[in-house]
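Here is a friendly set of notes to read alongside the model. Take the points in order, and keep the 3D view open as you go.

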Amino acid sequence: MKNKVKQAVVMKIALYCAPLLVILIPVLLIIALTMNNPSVPCQTDTTTTSSDSGSSNGSLTDKNSDIGKRVSYIIDRFKKAGYSGDNISAIIAIGWRESNLNPKVVNPAGSVTGIWQWGAGGINGNRYQNTADTVEAQVDLAFKELASSHTVARLGLANAKDIDSSALAWDTGFEGVGASDPQRKVSEVKAWAESIKKTYDLNFEGSLSSDNNAVSDSNTSASNSADSDSNNQSAYCNTDDSGSADGTGKIKESGLSFWDKNNIPDDIKPYVHNITSKKLDWSLTTADAYNQCAGFSQVYMNAIWSPNFTFRGNGNVTAEAVAKVTGVKVTTTPKAGAVFSSDRPNHTGVVLHVLANGDLIIANQNAVKSGQNAGTSKDYEITLAPKKSYAKDSQAVGYGDMTFAYPGDNSKYKLHW
């Protein structure tokens, strides 16, 4: 009798507890897995998945771990190429933020992959192409882009003086993230970078040139079979804030200044977005505008914005024409990627960057160094337009009373420098 009672009690306990065990076992497993790897928190903004579950072992400061060995490899490659210790510390810290330095990480939400989370198809383009999921191949890809489609990042790093400015140059020029975007995690990245700099003794100056010559290292450890243009214009991330962020940067020059496109001062170069890498399709305008300001604005706006749009009109009404066709408003607020118009006299061009003091670096044709005024065609020049020159009621010839139209105010249009 006693055995029957015991059996009945055990059966009841089992019936009540079984559902609880079904719930508790997965929870306990998740907790155990999380506690087993406390040194590798997720630094990315969204959940990532990896085909190699053991590829993120270690920490930034453990030189003998998987991660430590990747850090050492990246340091060696970038140091050989002339990057400074501050540059390298920031670049690695951003890689930690993006992927925990795991070359196999994939973020399906944004179709991005790898250490620095390149677009691999979908909304972010396909910069990654057929790159191998290894640190060697991805560093090769980074050097290829720094020497071609993302020169602005390299030039920014060449001019960077510390970890903060190095991180800004990489984020804005390579990652395509705005300076004020919270996903930059500025304080965390700086802390990681300082730890990397100390652990790996990265106290050395760089030797990067501030000109537009390609810079690479001597390693060719992995191959990319994509053609030379595969990571160019069509592969840029679709973002409204590529390149150096507005409201940043100081330069030596002041006053209205004009430069031939092949002779730009070193401190201006980080802000010109490597126009020469763009495919300027002059068939988008008419032959009589090949040497005119309006012709350049038509061609270059369509090189940096998608989808393409057609507009016509003299320079003094170009901003109004662009605003009308893209469904945005004409404003008096400059922004990188905006077309501008001036009625003093009839002139137009494209804003490349707004400096910290409000001065503008712009691209335009038929001012002083290009177009009809210089006897050239299908050409452009770079101009510095001080804030006082483009302000309302300014009498500056060609740049007074500027108005602007920024297609990105309509979410349909995406900027890809």
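1. Let us begin with a term. A residue is called buried when its relative accessible area is under 20%, exposed when it is over 50%, and partly exposed in between (1.4 Å probe, protein chains only). Helices (H or I, at least four residues) and strands (E, at least two) are DSSP runs, numbered from the N terminus. With those words in hand, look at helix α9 (residues 318–326), whose buried residues are T318, A319, A321, V322, A323 and T326.

2. Some housekeeping. This is a predicted model, in which local features need pLDDT of at least 70 and side-chain atom pairs count only at pLDDT 80 or more, while totals for chains, interfaces and linings use all residues. Residues are numbered from 1 along each chain as its sequence is written, and side-chain values use heavy atoms, leaving out hydrogens and water.

3. What covers the buried residues of α9? The cover includes α8 (293–304), β7, β8 and β11, where contact means heavy atoms within 4.5 Å. Just after α9, G327 takes a positive phi of about 75°.

4. Now find strand β7 (residues 339–343). Four of its five residues are buried, so β7 is largely enclosed by the rest of the structure. Two strands pair if DSSP finds at least two bridges between them. β7 pairs with strand β8 (residues 346–354) in the antiparallel sense over five bridges, and F340 has G349 as its bridge partner in β8. Strand β11 (residues 403–405) also runs antiparallel to β7, joined by three bridges; there, A405 is the bridge partner of V339.

5. A nonpolar core is a set of buried Ala, Val, Leu, Ile, Met, Phe, Trp, Tyr and Cys residues joined through side-chain atoms within 4.5 Å. The largest one has 49 residues, and those with the most contacts inside it are Y300, M301, L352, L360, I382 and M402. The elements giving two or more residues to this core are α8, α9, β7, β8, β9 (360–364), β10 (381–385) and β11. The most comes from α8, with six residues. Another core, of 42 residues, lies apart from it; among its members are F78, A81, V135 and L208.

6. The expected span of a helix is 1.5 Å times one less than its number of residues. For the 15 residues of α2 that should be 21 Å, and its end C-alpha atoms are 22 Å apart, which agrees. Its buried residues include I67, V71, I74 and F78. Their cover includes α3 (85–99), α4 (135–146), α6 (163–175) and α7 (186–199). Just after α2, G82 takes a positive phi of about 100°.

7. Last, the rings. Rings of Phe, Tyr and Trp (its six-membered ring) pair if their centres lie within 6.5 Å; planes under 30 degrees apart count as stacked, over 60 as edge-to-face and the rest as tilted. The whole structure holds 19 aromatic pairs. In one of them, F78 and Y83 are edge-to-face, 5.1 Å centre to centre with 75° between the planes. Y390 and F404 have ring centres 6.2 Å apart and planes at 90°, so this pair is edge-to-face. It links distant parts of the chain, with Y390 in helix α10 (residues 387–390) and F404 in strand β11, 14 residues apart. Y390 and F404 are both buried.
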